[in-house]
Each structure stands twice: as C-alpha cells, then as structure tokens.
Amino acid sequence: MYILKVMCFYTKQTKQATELENRFRAKVDDMAVFRTTDYYNGFTYPKTPVITNSKPEIIQHLNWGLIPSWAKDESFRQNTLNARIETLTEKPSFRDVVHNRCLVIADGFYEWQWLTASGSRKQKYLITLPDNGLIAFAGLYSNWTNKQTGEILQTYTIITTEANPFMSEIHNHGKRMPFILKPEQEPAWLRGVNVEAEQDIELVAIPETPQPLLFF
C-alpha cells in the first residue's frame, strides 16, 4: 500500500459543447460522449474532452490515465494521471510520447490544503480562472492496444509543474499544480514548442465543504 500526494486528480467541466468549440475553434467529434460534470475523479479514468496535436481541429474524448503502448494491462494508469514536467524525458511512462501533445479541457480543478502538519485535517478548494472560463492543461496522450480483445484505448496524462505563489498556499503539502497554458501558448504547445509555465496565471480558490481524501 502506498499513498499518492494529491496533485491534479480531480477536475470539472461544466461548459456546453458550443462554448468549447468557440473557445478552441474545434468541433466536438462525438456528441453522444460529451457531457458536463462538476466533478471528474481521475481514479475512475473518465473520458474527458481533449485536443491532440494529431487532430487539432476536433475535440475528442480520451480516458484520463496514460497507458504506455508497452504496458501489460490497464492497471498501469493509476500511476500516470499526472506527469511531472521536470522528468518527462526520463520516465519510461512518458519519454516515448513526449511528442504526443494535447490540451486537456476543463473549467476548474480541486486541491486540498493541509490544515495540520500531519494532514489529518484538510480544506477542499475549487480552483478556477477569475472569469470561470475554460482552461487548457498541457498534456500528453498515448494509444494502447488490449492484446486480449484488440480494443484500442486513447489515454492521456495532465502535466504538473512547481506551484506558483498562489497555489503554494493552497497545495501547501506537495506544492504542485497543473501546467495551465495561456491561450497564446496553446498552439505552440501542440506544435511541439517547449513553453514555460507561467507563474503569473491568475486563479481563484473557492473553499468547499471538506471531504476525506482518498488514499490508494
């Protein structure tokens, strides 16, 4: 048994399809899959809206939790919901797909602030942009084939970076945050340009009713 430090494992996407299409100038490829939700739990490996560099004109739905092509089974993805930007080219899970870039679409994410040194008490926060607008997280994606069934799963990971001063106060234990791209950075990220994480991203933290943290 091991404990995962909370990073970006819980998000939300409450905007309608037309809002995503207008913001990202791309079309939702399958409206039957599209849905809005106040709470994505990464550990359920949900399908969420993503734009890949192979098909930047469409909004696809990929499963959260990257499965490398060489993984034996789907259980691998419990370790790859996030990828640290500092070690992408070092980790076997990610180094083969560093050029498979994507935008992970959301309009908020959740973090827990430790209220005690041990983490026995925590405060849950919803983090959004000041205008509650859509967010694009930097991500990587992979295609994995189930050798028993032949099914192909498209999966992704959200890249994390060192927390900026604002998020260091919220995520005061791990001091990490998702790599949030500014709109002007999004095309460059998809083209393969190495962009810097912006420390001046303006965010809003909304306290919510505390909930117990999940341990794995």
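**Ground rules**

I am working with a predicted model, where local features need pLDDT of at least 70, side-chain atom pairs count only at pLDDT 80 or more, and totals for chains, interfaces and linings use all residues. Residues are numbered from 1 along each chain as its sequence is written, and side-chain values use heavy atoms, with hydrogens and water left out.

**Entry 1: salt bridges**

I looked up the salt bridges (a side-chain nitrogen of Lys or Arg within 4 Å of a carboxyl oxygen of Asp or Glu). The structure holds 7 of them. I wrote down three of these.

K12 pairs with D107. Their closest N and O atoms are 3.2 Å apart. I then checked where the two residues lie. K12 is in strand β1, residues 10-13. D107 is in the loop between β7 (101-106) and β8 (108-114). The pair therefore ties together parts that are 95 residues apart in sequence. For these labels, helices (H or I, at least four residues) and strands (E, at least two) are DSSP runs, numbered from the N terminus.

Are K12 and D107 buried or exposed? I used relative accessible area: buried is under 20%, exposed is over 50%, and partly exposed is in between (1.4 Å probe, protein chains only). K12 is buried at 7%. D107 is buried too, at 0%.

Next I took R176 and E86. Their salt bridge has its closest N and O atoms 2.9 Å apart. R176 lies in strand β12 (residues 176-178), and E86 lies in the loop between β6 (82-84) and α2 (92-95). So this pair ties together parts that are 90 residues apart in sequence. R176 is buried, with 6% relative accessible area. E86 is partly exposed, at 41%.

I also noted E74 with R77. The closest N and O atoms of this salt bridge are 3.2 Å apart. E74 is partly exposed at 26%, whereas R77 is buried at 12%.

**Entry 2: aromatic pairs**

I turned to the rings. Rings of Phe, Tyr and Trp (its six-membered ring) pair if their centres lie within 6.5 Å; planes under 30 degrees apart count as stacked, over 60 as edge-to-face and the rest as tilted. The count comes to 8 aromatic pairs.

One of them is Y10 with W112, an edge-to-face pair. I noted 5.3 Å centre to centre and 70° between the planes. Y10 lies in strand β1 and W112 in strand β8, so the pair ties together parts that are 102 residues apart in sequence. Y10 is buried at 2% relative accessibility. W112 is buried, at 2%.

Another is Y39 with Y110, which is tilted. Y39 is partly exposed at 31%. Y110 is buried at 4%.

Which residues do ring pairs link into a cluster? I listed Y10, Y39, Y110 and W112.

**Entry 3: charges over rings**

Last, I looked for a charge over a ring (NZ of Lys or CZ of Arg within 6 Å of the ring centre and within 35 degrees of the ring normal). The charged end of K124 sits over the ring of Y110, 4.7 Å from its centre. K122 lies over the face of W114, at 5.4 Å from the ring centre.
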